[in-house]
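Student: I would like to take a close look at a single part of this protein. Please treat it in one connected account.

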Amino acid sequence: MDFDILAVGENGIKIPVEVKFTSRDRVSIAMLRDAGAKTARWKAHAANARPLLVYGAVIERSIREWAESEFEIDIWDRDILLTKSKRTSAALEQFFQGDSDGKPDPTYSERENTKEHVEGVKVSEANIRARGEELIETLRAVPSGKTSAKAYEQICQAVIDYIFVDDLRDVRSQKRTVDGLNFYDLIYRVRPTHPFWATLTRDFRARVVLFECKNYGKPIGPMQVFSTERYLSVSALRPICFVLSRKPANNHAVQAAYGAMRESGKLLVFLCDEDLEAMLRAKDFQLSEGGSADEREANDPIEILDQKIYDFISAMPR
């Protein structure tokens, strides 16, 4: 067994614990994704509890909550450790301060007020963070149903443009195919400079990606998948579609997407409002952290999208 601690409590509780210590003050999305996946492997050794990942650094709350939900584990970061530690809190604080050359980790409000952003424009952290939260509020305010379908498509476009500003270009809305029979909501040209998009477009021979916006009050079913699949075309280099919906797709819809992938090589990725909110908060965090190109890539919300695709492909039956 490779986990670090097996905590045994009353009532048969057993908690395998994975401990990660890093010299960095904050944990990136990429780091948390890898550590979360490793910790989830110890579920078979847990009893009446979930595996626990403990990090000796600060984790952005929204990212921590996403990882806890995605991997079905519990996560404690430095702040949670200090809150829970009672008698040993002074020793822990001294330990963490010693690790950072006597300088305590600055709070979020103490960080620099501005960071260089896209095209060299100075943007305050408060405004950067407000953009994602503002989009979340607008998304939640749009009612489900046919009458608000256009409003939902518009907010979805704003979300996509914010999260993938450097990767997806030249959006076209409500495009009609040449035969006049089919419509799709949003289509983007891919700028394959990011490793994720370069790999995805190469693997599926895609020049563009589609986004279908389903403003249904209930989970979408297989019929919505069948109608969306008609818009996709492997020969036209258009085999990828991200299906956006208010609620997670039901199991029959997922099975239909498996069929499209298995029989035609078409990839349909389901993203509900909860997924969009997680990526929006991750984008806020990425921009607020700034840093080098490697650090920005490590905090890219694309990590969340890549995990969704991995979950889908890894669970697909023969």
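How many bridges join strand 10 to strand 11, and do these strands run parallel or antiparallel?

Tutor: The model is a predicted one. Strand 10, residues 240-245, is joined to strand 11 by six bridges, and the two strands run parallel. Within this pairing, C241 stands opposite L268 of strand 11.

Strand 11 itself spans residues 267-272, and six of its six residues are buried, so the strand is largely enclosed by the rest of the structure.

The neighbouring topic is a pair of helices. Helix 8 covers residues 222-229 and helix 9 covers residues 251-264; their axes come within 7 Å and cross at roughly 30°. The two helices are therefore roughly parallel to each other. On the side of helix 8, the contact is made by P222, V225, F226 and E229, which meet H252, A253, A256, A257, A260 and S264 of helix 9. By class, this contact comprises seven nonpolar residues, two polar ones and one charged one.

As for the setting, the protein chain contains twelve helices and eleven strands. Of its 318 residues, 46% count as buried. Among contacts with a separation of 6 or more, 64% are between residues 24 or more positions apart. The chain exposes about 16,500 Å², of which carbon and sulfur atoms supply 50%.

Definitions and conventions
Residues are numbered from 1 along each chain as its sequence is written. This is a predicted model: local features need pLDDT of at least 70, side-chain atom pairs count only at pLDDT 80 or more; totals for chains, interfaces and linings use all residues. Side-chain values use heavy atoms; hydrogens and water are left out. Helices (H or I, at least four residues) and strands (E, at least two) are DSSP runs, numbered from the N terminus. Buried means under 20% relative accessible area, exposed over 50%, partly exposed in between (1.4 Å probe, protein chains only). Contact means heavy atoms within 4.5 Å. Accessible areas come from the Shrake-Rupley method with a 1.4 Å probe; for residues, only the protein chains shown count as cover. Axes are lines fitted to C-alpha atoms, for helices over the stretch in contact, and angles run from 0 to 180 degrees between N-to-C directions. Angles under 35 degrees count as roughly parallel, over 145 as roughly antiparallel, 65 to 115 as roughly perpendicular and the rest as oblique. Ala, Val, Leu, Ile, Met, Phe, Trp, Tyr, Cys and Pro count as nonpolar, Asp, Glu, Lys and Arg as charged, and the others, Gly among them, as polar. Two strands pair if DSSP finds at least two bridges between them.
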